[in-house]
Amino acid sequence: MNISIDASSIMTVVSFLTFIGILVWTFILHRGSDFDAVARAPFADEEDREKAEGGHV
């Protein structure tokens, strides 16, 4: 029974460390400008169309 308790504890710690690693990778290692560029991506075609039409929708 001690083996299953130890394995469960180890998996809990590994899962928590994985979660913390994902948070660090997402919010600390990536710049906000990267997220801003990706957030504007769906509207890129719309902006190009507006420029081609002289700014009118």
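In which helix of the protein chain is confidence lowest, and in which is it highest? The model is predicted, with local features requiring pLDDT of at least 70 and side-chain atom pairs pLDDT 80 or more, while totals for chains, interfaces and linings use all residues. Residues are numbered from 1 along each chain as its sequence is written, and side-chain values use heavy atoms, without hydrogens and water. Confidence (pLDDT, the predictor's value for each residue, from 0 to 100) is lowest in helix α3, residues 44–52, with a mean of 65, and highest in α1, with a mean of 88. For the protein chain the mean pLDDT is 78, and 70% of residues reach 70 or more.

The protein chain contains 3 helices and 0 strands (DSSP runs numbered from the N terminus, helices being H or I of at least four residues and strands E of at least two). Its pattern along the sequence is α-α-α. Of its 57 residues, 2% are buried (under 20% relative accessible area, with exposed over 50% and partly exposed in between, using a 1.4 Å probe and protein chains only).

Helix α1 spans residues 2–27 and includes V24. V24 is partly exposed because its relative accessibility is 34%.

The accessible surface of the protein chain is about 5200 Å², 68% of it from carbon and sulfur atoms (Shrake-Rupley method, 1.4 Å probe; for residues, only the protein chains shown count as cover).
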